[in-house]
Amino acid sequence: MTTMLEPLRRIAAYAVCTDSVDRVLLVRASERSGTPGTWSLPGGAVDHGEDPQHTVVRETAAETGLSVSVASLQDVLADMRALPERGITIHTDRLVYQVSVRGGSLTDRVDRPTDLARWFTREEARQLPLRSFTARALGLPTSSADIVPDEPPEFPSFYAVPGPDGLHRAQRFAAYAVVTDPDGRVLLTRVSDGYPGAGCWHLPGGGTDYGEQPGAALIRELVEETGQTGRLIGLLGVASHRDAASLGPEGYPIDWHGVRAFYRVVVDKPAPPTVADVGGSTCEARWFAREELGALPTDRLTEVTAEAVQAARLT
């Protein structure tokens, strides 16, 4: 039964790479992988503290022999798959980037999780056994041999483990919203005392649950933190921040790496903000007029908030 498998989480980044005749670059999973014989986009797990854009360049070079540069973020999605032969269930938050080739030559690999890299037309790719996230990224039918767990297993929202230097480390994926109303006001939340960034204004949102899509997590968090019902408009970008000795309610330093997707959200019928999760990381929620937001000192905003507001061109 898949409910008996050990749950794991990871963050990964992948490349959608096409050539001059619109063929797409794919890699084949070897016998060393959990899905031998399947084809997927090149990419892999984001190392602790690593920017996902660096991950996709590094992993593409390792798996294909090609050097690429990142052009844009295409999509962010999540999926679960069970690997009974390994006794695990994996939730993966996948960041999909558009990239272009800078140079190199295709290279086959021996005794690695992927063994072949090849160019395919979309029609040729349609005939291959594709991983479901790869088919979705290419706009192809999403049939997959992946085993999906019966139900999401229990998994803590915060999970820190001892690192190689003895300091605890945590890597967390989260989804945040740049929220506006019909009058152009912007909704922000204030970080509670005892949490990193205490007193600063922050975007509504937070860590996603095991098995949860980032968009669904975002709408859920918006209700919990502000009492507003929002409508998802689109993906703005992804921020990656590391605090090598973050100090929060745990009471001990943590080497913290947060990877955060941020989205545009509209609240069509705004209401006075209310914080339902009393005693959590959010102590206040408030609507700001554009001029009020622009007047806030940068040290009153969290890093991801300043980055997302700039990306949304709100100031």
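This briefing describes selected features of a predicted model, grouped by topic. The largest pocket holds about 1100 Å³ of space, and 41 residues line this pocket. The ring pairs in the model number five, and F155, Y159 and Y210 are linked by such pairs into a cluster. In helix 1 the buried residues line one face, and in helix 4 the buried residues likewise line one face.

**Largest pocket**

- The space in the largest pocket amounts to about 1100 Å³.
- Of the 41 residues in the lining of the largest pocket, R172, Y176, Y195, W256 and S281 lie nearest its centre.
- The elements that contribute two or more residues to this lining are strand 9 (168-180), strand 10 (186-191), strand 12, helix 4, strand 13 (231-246), strand 14 (254-266) and helix 6 (303-311).
- Strand 14 supplies the largest share of the lining, with five residues.

- F155 belongs to the loop between helix 3 (132-138) and strand 8 (161-162), and Y210 to the loop between strand 12 (205-207) and helix 4 (214-226), so their pairing ties together parts that are 55 residues apart in sequence.
- F155 is partly exposed, at a relative accessible area of 22%, whereas Y210 is buried, at 8% relative accessibility.
- F155, Y159 and Y210 form a cluster linked by ring pairs.

**Arginines over aromatic faces**

- The face of F133 has R94 lying over it, at 4.1 Å from the ring centre.
- The face of W201 has R190 lying over it, at 6.0 Å from the ring centre.

**Helix 1**

- Helix 1 comprises residues 52-64, 13 residues in total, and reaches 18 Å from its first C-alpha to its last, close to the 18 Å expected at 1.5 Å a residue.
- P52, T55, V56, E59, T60, E63 and T64 are the buried residues of helix 1.
- Viewed down the axis of helix 1, these buried residues fall within an arc of 120 degrees, so they line one face of the helix.
- A62 and D115 are 53 residues apart along the chain, and their C-alpha atoms are separated by 11 Å.

**Helix 4**

- The 13 residues of helix 4 should span 18 Å at 1.5 Å a residue, and its end C-alpha atoms are 18 Å apart, which agrees.
- Helix 4 has P214, G215, A217, L218, E221, L222, E225 and T226 as its buried residues.
- These residues fall within an arc of 150 degrees when seen down the axis of helix 4, so they line one face of the helix.
- G227 follows helix 4 and has a positive phi, near 75 degrees.
- Helix 4 is also among the elements that give two or more residues to the lining of the largest pocket.

**Helix 6**

- V304, T305, A308 and V309 are buried in helix 6.
- These four residues cover an arc of only 125 degrees around the axis, which puts them on the same side of helix 6.
- The exposed residues E303 and Q310 are carried on the face of helix 6 turned away from its buried side.
- Helix 6, too, is among the elements giving two or more residues to the lining of the largest pocket.

**Positive phi in residues other than glycine**

- D22 is a residue other than glycine with a positive phi, near 70 degrees.
- The position of D22 is in the loop between strand 1 (6-17) and strand 2 (24-29), and D22 is partly exposed, with a relative accessible area of 44%.
- D111, which is not a glycine, has a positive phi of about 60 degrees.
- The loop between strand 6 (88-104) and strand 7 (114-120) contains D111, which is exposed, with a relative accessible area of 55%.

Conventions:
Residues are numbered from 1 along each chain as its sequence is written. This is a predicted model: local features need pLDDT of at least 70, side-chain atom pairs count only at pLDDT 80 or more; totals for chains, interfaces and linings use all residues. Side-chain values use heavy atoms; hydrogens and water are left out. Rings of Phe, Tyr and Trp (its six-membered ring) pair if their centres lie within 6.5 Å; planes under 30 degrees apart count as stacked, over 60 as edge-to-face and the rest as tilted. Buried means under 20% relative accessible area, exposed over 50%, partly exposed in between (1.4 Å probe, protein chains only). A charge sits over a ring if NZ of Lys or CZ of Arg is within 6 Å of the ring centre and within 35 degrees of the ring normal. The expected span of a helix is 1.5 Å times one less than its number of residues. The arc is that of the directions from the helix axis to the C-beta atoms. On a 1 Å grid over the protein atoms alone, a cavity is a set of points where a 1.4 Å probe fits but cannot get out, and a pocket is an open set with protein on both sides within 12 Å along at least five of seven lines; lining residues have an atom within 4 Å of a point. Grid points are joined across faces, edges and corners, and a volume is the space filled by probe spheres set on the points.
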